[in-house]
Amino acid sequence: MNESNPPFIDATALPHWTSSLPRADLDPAALGPDLGAPCFKGFWRASELNPTRALLMHQRIEEDAALEHEPLRACFSSATPPLPEPDASVVGAWAPRRSVRAFSDQAIELADLSALLWPMARRQDGGRGLASGGGKYPLQVHVIGWRVGSEGVVLPPSIQGYDSLSHGLTPIGAAPAWSRLKPILGVDMNEPAAVLVVTAQAGPHVTKYGERGGRFMLLEAGSWLGAWQAQTARMGLGGLVIGAFQDRALLRELGHHVSGRGQAPEDAASEHVIAAVYALGWPAP
Ligand SMILES: Cc1cc2nc3c(=O)[nH]c(=O)nc-3n(C[C@H](O)[C@H](O)[C@H](O)COP(=O)(O)O)c2cc1C
C-alpha cells in the first residue's frame, strides 16, 4: 500500500449506519455516468437521506445527545495568549448570531432577501461577492417564501428561483404547506418566513477537477451559509442551517426543472442536487 495515497475506502465493508444503506445505491451501475469522478457520485448517493435513513440518523442524534461532550480543544496548547479584542463593531455584528428555531408572524421584505442574495449576484464588473473554484459558480438558490412582503404587502406563498445574472426572482410555483415541508426538512419548529434552498450541479466542478471538484462544491455551499449567517445577524433576523433534509423529496418540492433525473450521459452534468438549506425569519419575541 502506498502510505501517502491509501486506497479508497471499500464500500462493501463500511461499519454501522452506512452499512444499513441499500447496496444498490452504491452499485457503480446505479450511479450513472461519473464524469470522471465515480467516488464523488458514490459518496453523494451514500450520504443522501430518504425517510429510512433520516430515521436512522435521528436515532444516532439521540444516542449522541445522551453522551457527555467536551468541545474539541486546539491540538497545540490551551494556554495561548488571546489576540487583541476585535473592533466593537465586529463583536457587535456577530453577537446576535445563533440558531433560531422559533419565528414570529412578521414578514421579511423583498429588500431583506435582496441583501441576503447580493453576495451571490454577478456584479456589473463581472465579479461576485463570494468566490467559486475556477469561476464555475455551480450553485443556485430557490426561495420558498411563506411570509415575504413587498412594501408592507405580504405576497402569496411561493417558490421563486434566484437569477444571479439579473439579481432577480422568477416565480416557479406555489409554496408547499409548512406542515408538508417540515418532515422533509427533518426539523421541529414553526413556519419560518422563508427557506433558502441551495441546489448544485456538480458537473462543471467534477469535469474540471475530478473528485476534488465535489469538495469545491460543498466548500462553496458552506461559504454561502456563512454569508447568510453573518447577514441575518447584522439585520436582526434569525436563521437556521438545516442539514437533515431528505434530498430527493425536497428536490421534488422545488419542481420538475430540478427533480427530473438526467438519464442520458450528457445529462449527468446537469443533474441537480441539494447542497444546503437555510431557514430564516424574524425571531419569536
Ligand atoms: C452543517 C450544519 C447542519 C445543521 N443541521 C441542522 C439540522 O438539520 N437541524 C437543526 O435543528 N439544526 C441544525 N444545525 C444547527 C446546529 O444544531 C447549531 O448550529 C448548533 O447546535 C450550535 O448552535 P448555535 O448555532 O445556536 O450556535 C446545523 C448546523 C450546521 C452547521
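User: Does Leu219 count as buried or exposed?
Analyst: The model is a predicted one, in which local features need pLDDT of at least 70, side-chain atom pairs count only at pLDDT 80 or more, and totals for chains, interfaces and linings use all residues. Residues are numbered from 1 along each chain as its sequence is written. A residue is buried if 20 or more other C-beta atoms, placed from the backbone, lie within 10 Å of its own, exposed if 12 or fewer, and partly exposed in between. Leu219 has 12 C-beta neighbours inside 10 Å, so the class is exposed.

User: Where is Leu219 found, and how far apart in space are Leu219 and Ser132?
Analyst: Helices (H or I, at least four residues) and strands (E, at least two) are DSSP runs, numbered from the N terminus. Leu219 is found in helix 9. Leu219 and Ser132 are 87 residues apart in sequence, while in space their C-alpha to C-alpha distance is 9.0 Å.

User: What share of the residues of the chain count as buried?
Analyst: The chain has 11 helices and nine strands. Among its contacts (C-beta atoms, placed from the backbone, within 7 Å) with a separation of 6 or more, residues 24 or more positions apart account for 74%. Of the 285 residues, the share that count as buried is 30%.

User: Which residues of helix 9 make the contact with helix 6?
Analyst: On the side of helix 6, the contact is made by Asp112, Ala115 and Leu116. By class, the whole contact has four nonpolar, one polar and one charged residues; Ala, Val, Leu, Ile, Met, Phe, Trp, Tyr, Cys and Pro count as nonpolar, Asp, Glu, Lys and Arg as charged, and the others, Gly among them, as polar. The residues from helix 9 are Trp228, Gln231 and Met235.

User: How do the residues around the ligand divide by class?
Analyst: A residue is near a molecule if its C-beta atom, placed from the backbone, lies within 6 Å of it. The residues around the ligand are Arg98, Ser99, Gly186, Val187, Leu240, Val241, Ile242, Gly243 and Ala244. They divide into five nonpolar, three polar and one charged.

User: What is phi of Glu151, a residue other than glycine?
Analyst: Glu151 is in the loop between strand 3 (148-150) and strand 4 (153-154). With 7 C-beta neighbours inside 10 Å, Glu151 counts as exposed. Its phi is positive, near 50 degrees.

User: How far apart in space are Asp188 and Ala102?
Analyst: Asp188 is in the loop between helix 7 (178-185) and strand 7 (194-201). Asp188 is exposed, with 8 other C-beta atoms within 10 Å. Asp188 and Ala102 are 86 residues apart in sequence, and their C-alpha to C-alpha distance is 9.6 Å.

Definitions and conventions: Contact = placed C-beta atoms within 7 Å.
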